[in-house]
Amino acid sequence: KEVKLWGGRFEESVTDAVEKFSESISFDKALYKQDIMGSRAHATMLAHQGLMSNSDRDIILQGLSKIERSIDNKEFVWRTDREDVHMNIEAALTDIVGEPAKKLHTARSRNDQVVTDLRLWCRDAIDKIVSRVKFLQVALVTLAKKNDGLIVPGYTHLQRAQPILLQHLLLSYVEQLERDAGRLIDCRNRLNFCPLGACALAGTGLPIDRFMTSDALGFTAPMRNSIDAVSDRDFVLEFLSANSIIAIHLSRLGEEWVLWASEEFGFLTPSDAVSTGSSIMPQKKNPDPMELVRGKSARVVGDLVTLLVLCKGLPQAYNRDLQEDKEPLFDSVKTIMGMLEVSAEFAQNITFNGNRIQKALPAGHLDATTLADYLVNKARLGSFLVIIARVVTIFRRLFSQKIVLFIWGIPFRTSHDIVGRSVALCVSKNCQLLGLSLHDLRSINPVFDEDVYEFLGVENSVKKFSSYGSTGSQCVADQLGFWIDKLNIS
Ligand code: ARG
């Protein structure tokens with residue numbers, strides 16, 4: 001057996017079981033690019049500081065490039081007995097270039113090395129995820145663009161609530177994704193500080209220049225406290241939290257689309273390219289990709305929980321437990337990348353069933369709240385001039401409730417009650433609000449006028465929305481325009 005890089009004080013080699021149990025090379029080899037990048041910066045700094053000759057530095061840099069190429073080409077042999085990516089690369093460098101390689105680990109520990117690698121890796125991973133988030137946003141905005149004017153039922157408690165524009169609904173997901181990207185970018189900014197040079201935990205007495213390595217690796221600055229630098233994985237926690245929130249958003253989108261693809265809803269049809277069949281039921285066409293998006297969100301949350309529990313009992317500074325941070329991190333990133341990609345593909349491959357949606361719209365009294373607003377607004381218009389204009393009516397019903405309401409206004413609670421009773425009348429007559437005659441409505445309250453019919457029915461109802469951010473056509477067109485500009489969609 002080869003003597004370990006740390007073998008000096010040991011008389012016996014580790015048992016096979018311990019070696020197998022402790023290795024991380026099987027997964028941390030994913031960090032090789034970052035590890036080599038860190039070693040390049042470190043060697044360059046050591047030579048600049050007179051801690052290594054320029055010729056040794058050049059030999060090391062050439063050796064590292066050779067190793068990188070051989071890993072790229074899958075020719076490199078990873079050895080479990082060399083434990084992890086750091087020792088595999090350092091030992092291979094010694095195999096290739098001999099003595100000079102032994103200077104590379106000057107003023108460095110695997111403790112600052114691994115966390116430097118990890119921060120560099122997270123930085124790249126975040127950039128990739130952010131671009132996938134944008135890709136999904138583009139897919140959703142494009143889908144919204146294609147479905148101009150389509151009204152769908154809006155739900156609360158999964159019960160019919162109010163009519164909304166489908167575009168408005170789709171753009172709500174785009175907004176959530178924007179915050180998701182923002183969280184990742186915040187996390188990236190916070191993690192972009194350099195631990196290299198913290199060494200094992202205490203720093204070093206050798207004349208290194210931490211600012212130089214930090215700059216060379218594109219970090220904002222070296223981390224201020226060497227103990228903190230090697231101890232914490234809060235940046236991984238933050239990253240996995242941001243991923244978990246994305247996963248939850250996508251899971252909700254998945255749930256909605258799976259529901260909408262059901263026979264019961266029938267609001268959307270995924271194309272064959274994003275559907276799968278059943279091995280027993282020949283008729284089946286299942287929206288599996290979005291079910292799996294929903295399902296895989298569990299893994300992403302699980303990865304976060306693993307890391308939270310991993311960190312909770314650790315005293316400062318580095319503890320070997322921290323080796324367990326990598327698999328959840330890698331899994332979370334791989335899973336979220338897949339979820340984003342497939343959600344975007346699904347968005348590109350669904351059609352909304354206008355006819356089916358149209359048929360569904362009359363049920364559920366979606367216009368009831370608009371009617372309640374009509375009453376409030378009507379009373380609000382009961383200004384002096386309006387009263388004069390309606391002088392005939394006023395004389396006829398001088399002491400009726402109507403005149404009182406006109407003068408004092410209808411409080412929303414009262415209008416809620418009036419509309420509630422109108423809906424009850426609809427239920428007993430088995431009709432929609434639109435189906436009630438003015439006589440029916442006036443039997444509930446005399447305040448109703450002929451103009452009430454401009455507020456009933458989903459089309460009229462949607463037209464009445466005008467508040468900022470609402471489902472009114474102009475508001476939604478403004479939102480859509482904003483996203484088309486922001487995402488550069490043609
Ligand atoms: N493979 C280890 C990890 O991933 C590298 C650091 C090991 N340091 C140590 N002193 N054993 O955390």
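The protein chain, which we have here as a predicted model, is divided into domain 1 at residues 7–103, domain 2 at 110–206 + 220–354, and domain 3 at 368–456. Where they touch, the contact takes twelve residues from domain 1 and 13 residues from domain 2.

On the domain 1 side of that contact, the elements that give two or more residues are helix 2, at 25–28, and helix 3, at 32–48, and of these helix 3 gives the most, with five residues. If we sort that side of domain 1 by class, we find five nonpolar and five polar residues, together with two charged ones.

Now to the ligand. Which residues are around the ligand? They are Ser24, Asp28, Asp84, Arg110, Asn111, Val114, Arg320, Leu322 and Gln323, and this shell draws at least three residues from each of domain 1 and domain 2. Helix 6, which covers residues 110–146, gives the most to the shell, with three residues.

Finally, a word on the annotation, which I would like to present with its source attached. UniProt, in an unreviewed entry, places the feature "domain: Fumarate lyase N-terminal" at residues 8–302. Over that stretch the chain in our model is 60% helix and 7% strand, and the C-alpha atoms at the ends of the stretch are 40 Å apart.

How values were computed. Residues are numbered from 1 along each chain as its sequence is written. This is a predicted model: local features need pLDDT of at least 70, side-chain atom pairs count only at pLDDT 80 or more; totals for chains, interfaces and linings use all residues. A residue is near a molecule or strand if its C-beta atom, placed from the backbone, lies within 6 Å of it. Helices (H or I, at least four residues) and strands (E, at least two) are DSSP runs, numbered from the N terminus. Domain bounds come from an automatic or database domain assignment. UniProt positions are given in the numbering used here, feature names are shortened, and annotations may be inferred rather than shown by experiment. Two residues are in contact if their C-beta atoms, placed from the backbone, lie within 7 Å. Ala, Val, Leu, Ile, Met, Phe, Trp, Tyr, Cys and Pro count as nonpolar, Asp, Glu, Lys and Arg as charged, and the others, Gly among them, as polar.
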